Amino acid sequence: MSLRVLNPNAEVLNKSAALHMNINAAKGLQDVLKTNLGPKGTIKMLVGGAGDIKLTKDGNTLLKEMQIQNPTAIMIARTAVAQDDISGDGTTSTVLFIGELMKQSERYIDEGMHPRVLVDGFEIAKRATLQFLEKFKTPVVMGDEPDKEILKMVARTTLRTKLYEALADQLTDIVVNAVLCIRKPDEAIDLFMVEIMHMRHKFDVDTRLVEGLVLDHGSRHPDMKRRAENCYILTCNVSLEYEKSEVNAGFFYSNAEQREAMVAAERRSVDERVKKIIELKNKVCSGNDNNFVVINQKGIDPPSLDLLARAGIIALRRAKRRNMERLVLACGGEAVNSVDDLTPDCLGWAGLVYEHILGEEKYTFVENVKNPHSCTILIKGPNDHTIAQIKDAVRDGLRAVKNTIEDESVVLGAGAFEVAARQYLINEVKKTVQGRAQLGVEAFADALLVIPKTLAENSGLDTQDVIIDLTGEHDRGNVVGLNQHTGEPIDPQMEGIFDNYSVKRQIINSGPVIASQLLLVDEVIRAGRNMRKPN
């Protein structure tokens, strides 16, 4: 009432109304994303204001692209997007888990229980679940030569939730090989060294890994070769074009010879740089049939291009800066910033450089490099939706492989961890908790089951039967997950279904925190400065 006196325009939701608004928002967001979970999940079609279409199963893309109005739902969506930023996956699971925690709490709160007691139970259950996760995870020894099969299983589990099976299995190899290509011992993995390039061309199954680099532009001179083998690569950041003087100067000449002399003087500095590159080419390519390629970050003007073309050099100008880093990692050599001290040691090597023209676009492929530490995933697809869908999936797949290498452990998937953690909370942790906080632990334990329940629901199975089968097996001491085709319990280890440890840990950490904050809200007040009516 006092708030009404201070601001008559304020909107206030009191205790139960505020709580139910929060719970309903969480449940609403959960219902939207529920059908996307797992390999059998369905696809959402987002239509933009201009009628552009986006087809996706990726929770992160959906939450970013959807226009959510409800403030509570926005908060949950932000948590889930943060989950994606940190660990690269688990957005849908985070939203489902928060929604289910709120749904389970609603039961107890409607019976008159205070939210604070539930929240205390959540905190105890969260700590216990994180300890259980430490025991439950499967360690993986990475060493110098990581176990490729484990990495493939993790990548396959992630990719199959985003794309159809045949394509996901093909991308699995691509993603694992890409991460192993850029991995250096004793250094953090930098996923930016994997260039993701797309071409609207052929079909999605033509997506491939190029051990080298694909540049999205070509040479600018008609006489340059379109295909060259055994190439020395010079990566440079040198301006090979005429530059205007920085000072405003006027040049006056009285006859044509003086003008010619002036033009020649202006060109001389650029031509000298080009001649130094040509000298290096003659030095390394004389007496053999090797070729020479210059990839420059700055511009090369037409006269310089012509000089290079006459010398039989392929030149590309205005390459992206990040591609310069990748080129050196892929081909070897070093990037040079001046042509004064060029030596053959600065040069990289590629077995094949060729240009591919697709409509108006030109692509240059640098392939067959000797010892690559950078590579390109070339995504192909007939239309933009397919390419966008594969791009999102590849990004998540790369993160999944990187997480596995960094965590040096994996967690059994297919809902096995959730059921095992629930049994542990109910059978062991709950007995050690005093008083009403037990109910909070129970609510948390039941909320964990949302993952296997939703997996079963999306596969068209009966959720009650599935949960009873799974919990029964776990009580007998067998760690099992759900077979989505038959509904029978399976051993995820035998089927090769693994989740990321860091993703699971993040979900268990962030879910209860947000749910607790929302449950403890007892008044929603809308009385900001902009509520005041203008005079």
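A residue is called buried here when its relative accessible area is under 20%, exposed when that area is over 50%, and partly exposed in between. Keep that in mind as you walk through this predicted model.

**Stop 1**

Start by selecting R422 and D446. Their side chains meet in a salt bridge, with 3.1 Å from N to O. R422 sits in helix α13 (residues 416-432) and D446 in helix α14 (residues 437-448), so to find both you look at two distant parts of the chain, 24 residues apart. Are these two residues buried or exposed? Both R422 and D446 are buried.

**Stop 2: partly exposed pairs**

Side chains of opposite charge can pair when their charged atoms come close. A search of the whole structure turns up ten salt bridges, and two further ones are worth a visit.

Select R156 and D169 next. Their closest N and O atoms are 3.9 Å apart, and the two residues form a salt bridge. R156 belongs to helix α7 (residues 148-160) and D169 to helix α8, so this pair ties together parts that are 13 residues apart in sequence. R156 is partly exposed, with a relative accessibility of 25%, and D169 is partly exposed too, at 28%.

Now move to E134 and K137, whose side chains meet in a salt bridge at 3.2 Å, N to O. Here E134 has a relative accessibility of 41%, which makes it partly exposed, and K137 is partly exposed at 24%.

**Stop 3: the three-stranded sheet**

Select β5, β13 and β6. What order do the strands of this open sheet follow? The order is β5-β13-β6, and the pairing is mixed. β5 (194-200) and β6 (208-210) each have a single partner strand, so they stand at the edges and one side of each has no neighbour in the sheet. From one strand to the next, the twist averages 25°.

Zoom in on β5 and β13 (residues 375-381). These two strands pair in the parallel sense, over seven bridges. For a landmark, find M199, which stands opposite K380 in β13. Then bring in helix α8 (residues 165-182), which lies across β5, β6 and β13 and runs at about 160° to β13.

**Stop 4: the six-stranded sheet**

Another open sheet has six strands, in the order β7-β12-β11-β8-β9-β10, again with mixed pairing. Its edges are β7 (213-215) and β10 (313-316); each has a single partner strand, so one side of each is left without a neighbour in the sheet. Neighbouring strands here are turned by 35° against each other on average, direction ignored.

Highlight β11 (residues 348-358) and β12 (residues 361-369): they run antiparallel and are joined by eight bridges. I357 has K362 in β12 as its bridge partner. Next, show helix α11 (residues 321-331), which packs on the sheet and touches β7, β8 (227-236), β9 (291-296), β11 and β12. The direction of α11 makes about 125° with that of β8.

With a relative accessible area of 2%, T235 is buried. Which residues is T235 in contact with, leaving aside its neighbours within four places in sequence? They are I295, M324, L327, V328, E334, A335 and V336.

**Stop 5: the nonpolar cores**

The largest nonpolar core holds 94 residues, and I377, V394, L398, L425 and F444 are the ones with the most contacts inside it. Select L398: apart from neighbours within four places in sequence, its contacts are V175, A178, V179, L191, V194, I196 and I377. A separate core of 25 residues includes V238, V284, I300 and L305.

**Last stop: two cysteines**

Finish with C236 and C375. C236 is buried, at 1% relative accessibility, and C375 is buried as well, with a relative accessible area of 0%. A disulfide is a covalent bond between the sulfur atoms of two cysteines. How many disulfides does a search of the whole structure find? The search finds zero.

Terms used: Residues numbered from 1 in each chain as written. Predicted model: local features only at pLDDT ≥ 70, side-chain atom pairs only at ≥ 80, totals over all residues. Heavy atoms only, no water. Pairing = 2+ DSSP bridges. Helix = DSSP H or I, 4+ residues; strand = E, 2+ residues; numbered from the N terminus. Axes fitted to C-alpha atoms, helices over the stretch in contact; angles between N-to-C directions. Contact = heavy atoms within 4.5 Å. Disulfide = S-S within 2.5 Å. Buried < 20%, exposed > 50% of the residue type's maximum accessible area, 1.4 Å probe, protein only. Salt bridge = Lys/Arg side-chain N within 4 Å of Asp/Glu carboxyl O. Core = buried A, V, L, I, M, F, W, Y, C linked by side-chain atoms within 4.5 Å.
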